[in-house]
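This report describes the arrangement of secondary structure elements in a single protein model, together with selected residues and their surroundings. The sequence and structure are shown below.

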Amino acid sequence: MMNGDAIYVVGLGASTPVGRDAWSSAAAVRAGISGFGQHPYMIDTAGEPMRVARAPWLDIDLTGVARYEALLFPALDQVFAALPNDAGSLHIALALGLPSPRPGLPADLQSALVNSIGGRYGQTLTVLGAFPHGHAAGLLALDAAVNKLTQGALDACVVAGVDSYLAPETLEWLEGCDQYHGAGPLNNAWGFLPGEAAGALLLARGAVVERMRLTPLACILGVGTAFESKRIKTETVCIGEGLTQAFRAALATLPSGSKVTDVYCDMNGEPYRADEYGFTVLRTKESFESASDFSAPADCWGDVSAAGGPLHIGLAAIAASKRYANGSSAFVWASSEGGERCAALVAVGGVN
């Protein structure tokens with residue numbers, strides 16, 4: 001029998017540079033397909049075309065809030081497609097992960113997206129909250145959704161994240177911060193390739209899953225959040241203290257005798273992320289089958305920041321569904337420049 005109090009993932013949505021839905025995006029990542037290409041008009045300081053991962057069906061002239069909507073709405077439509085026709089009586093909310101403030105980001109992004117979501121889906125869901133915290137934003141939204149569902153305040157909740165690094169001001173800022181992975185004579189081998197994407201999950205309490213005859217794809221076992229004070233762009237050395245705290249909180253729900261078999265993360269080529277993870281797994285290695293065997297899909301769809309958390313959980317669920325997961329316990333983590341750290345433990349495959 002299904003656990004009526006457990007929180008299940010019952011719908012997936014995605015819009016990425018390598019696929020227009022969750023399943024095609026996962027297949028592309030599985031195959032190692034790269035979404036990288038030259039930006040149509042941006043040139044780096046070495047005079048070379050900037051390399052980015054962009055959604056190829058979106059015109060580069062589509063900018064601002066409209067570009068975020070074009071990424072997000074298809075992902076939301078996909079998760080709502082998982083609901084039956086008689087789901088109108090369900091109390092559903094949306095928790096939305098967004099970029100942290102930076103050059104090139106529309107000043108009204110949060111309010112404009114919330115308003116447009118209300119106009120498009122107003123009779124279907126309310127907005128639980130928006131989390132403008134960059135890489136960890138999607139998992140912070142997950143944490144808020146799980147808390148509300150556990151309290152019984154909601155029947156279901158959509159957890160989504162959307163981001164795009166493609167604005168010219170954003171690309172110039174990344175290069176100025178030595179974070180852009182460039183080519184040519186000024187090549188920065190330790191930067192990252194900017195991407196854009198949206199990811200979405202539909203979560204529901206076990207009792208609702210059973211009543212609506214939904215198909216569970218994964219079960220959220222635990223979420224851990226923390227804050228790291230020793231951050232990038234500060235005169236400090238990060239040794240993973242905040243991330244360790246988030247890991248331990250999420251891993252506290254790992255079933256006795258089990259180990260994490262699959263890890264998905266937002267590592268993107270920046271050394272501080274790898275160092276932080278290295279320090280963290282040294283402290284928590286007993287919970288992992290092989291902490292060094294992880295998936296970092298930024299090498300396919302670029303760094304997608306706030307969209308990463310929902311997308312990574314979707315990858316874990318699909319890997320189990322397609323029978324190429326290493327086991328039944330997946331772990332997802334993310335690290336934001338602002339200091340937010342978040343991790344989630346997910347049961348996949350045979351989650352009933």
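## Packing of helix 7 and helix 8

The model described here is predicted. In it, helix 7 (residues 241-251) packs with helix 8 (residues 271-284) at an angle of about 45°, and their axes are 9 Å apart. That angle makes helix 7 oblique to helix 8, and the crossing of the two helices is right-handed. On the side of helix 7, the contact is made by Glu-241, Leu-243, Thr-244, Phe-247, Arg-248 and Leu-251. Helix 8 contributes Glu-276, Tyr-277, Thr-280, Val-281, Arg-283 and Thr-284. By class, this contact has 5 nonpolar, 3 polar and 4 charged residues.

The buried residues in helix 7 are Gly-242, Leu-243, Thr-244, Ala-246, Phe-247, Ala-250 and Leu-251. These buried residues pack against helix 8, and also against strand 8 (218-227), strand 11 (329-335) and strand 12 (340-348).

## Packing of helix 2 and helix 3

The crossing of helix 2 and helix 3 is right-handed.

In helix 2, the contact residues are Val-65, Tyr-68, Glu-69, Leu-72, Phe-73, Leu-76, Asp-77 and Phe-80. They meet Leu-109, Ala-112, Leu-113, Ser-116, Ile-117, Arg-120 and Tyr-121 in helix 3. Sorted by class, the contact has 11 nonpolar, 1 polar and 3 charged residues.

An open sheet of 10 strands is present, with mixed pairing and the order 5-4-6-7-1-8-12-11-9-10. Strand 5 and strand 10 (294-295) stand at the edges, each with a single partner strand, so one side of each has no neighbour in the sheet. Within the sheet, strand 1 (residues 7-15) and strand 8 run antiparallel and are joined by 3 bridges. Across this pairing, Ile-7 stands opposite Ile-220 in strand 8.

Two helices may be described in relation to the sheet. Helix 7 packs on the sheet, touching strand 8, strand 11 and strand 12, and its direction makes about 150° with that of strand 8. Helix 4 (residues 137-150) lies across strand 1, strand 4 (92-98), strand 5, strand 6 (156-164), strand 7, strand 8, strand 11 and strand 12. Helix 4 runs at about 120° to strand 8.

## The hairpin of strands 2 and 3

Strand 2 (residues 36-43) pairs with strand 3 (residues 49-53) in the antiparallel sense over 4 bridges. The two strands form a hairpin with 5 residues between them. In the turn, Gly-47 has a positive phi of about 85°.

## Selected strand residues

Val-127 lies in strand 5 (residues 126-132). Its relative accessibility is 34%, so Val-127 counts as partly exposed. Leaving aside residues up to four places away in sequence, Val-127 touches Leu-94, Val-114 and Ile-117. Val-127 and Gly-302 are 175 residues apart in sequence, and their C-alpha atoms are 28 Å apart in space.

Arg-205 is found in strand 7 (residues 196-205). With a relative accessibility of 19%, Arg-205 counts as buried, because the cut-off for that class is under 20%. Not counting residues up to four places away in sequence, Arg-205 touches Gly-4, Ala-6, Ile-7, Leu-149, Gly-152, Leu-154 and Asp-155.

## Loop residues with positive phi

Asp-178 has a phi near 60°, a positive value in a residue other than glycine. The residue Asp-178 is located in the loop between helix 5 (168-176) and strand 7. Asp-178 is exposed, with a relative accessible area of 58%.

Ser-305 has a positive phi of about 45°, although Ser-305 is not a glycine. The loop that holds Ser-305 runs between helix 9 (298-301) and helix 10 (308-321). At 5% relative accessibility, Ser-305 counts as buried.

Technical notes:
Residues are numbered from 1 along each chain as its sequence is written. This is a predicted model: local features need pLDDT of at least 70, side-chain atom pairs count only at pLDDT 80 or more; totals for chains, interfaces and linings use all residues. Side-chain values use heavy atoms; hydrogens and water are left out. Axes are lines fitted to C-alpha atoms, for helices over the stretch in contact, and angles run from 0 to 180 degrees between N-to-C directions. Angles under 35 degrees count as roughly parallel, over 145 as roughly antiparallel, 65 to 115 as roughly perpendicular and the rest as oblique. A crossing is left-handed if the near helix is turned anticlockwise from the far one by less than a right angle, and right-handed if clockwise. Contact means heavy atoms within 4.5 Å. Ala, Val, Leu, Ile, Met, Phe, Trp, Tyr, Cys and Pro count as nonpolar, Asp, Glu, Lys and Arg as charged, and the others, Gly among them, as polar. Buried means under 20% relative accessible area, exposed over 50%, partly exposed in between (1.4 Å probe, protein chains only). Two strands pair if DSSP finds at least two bridges between them.
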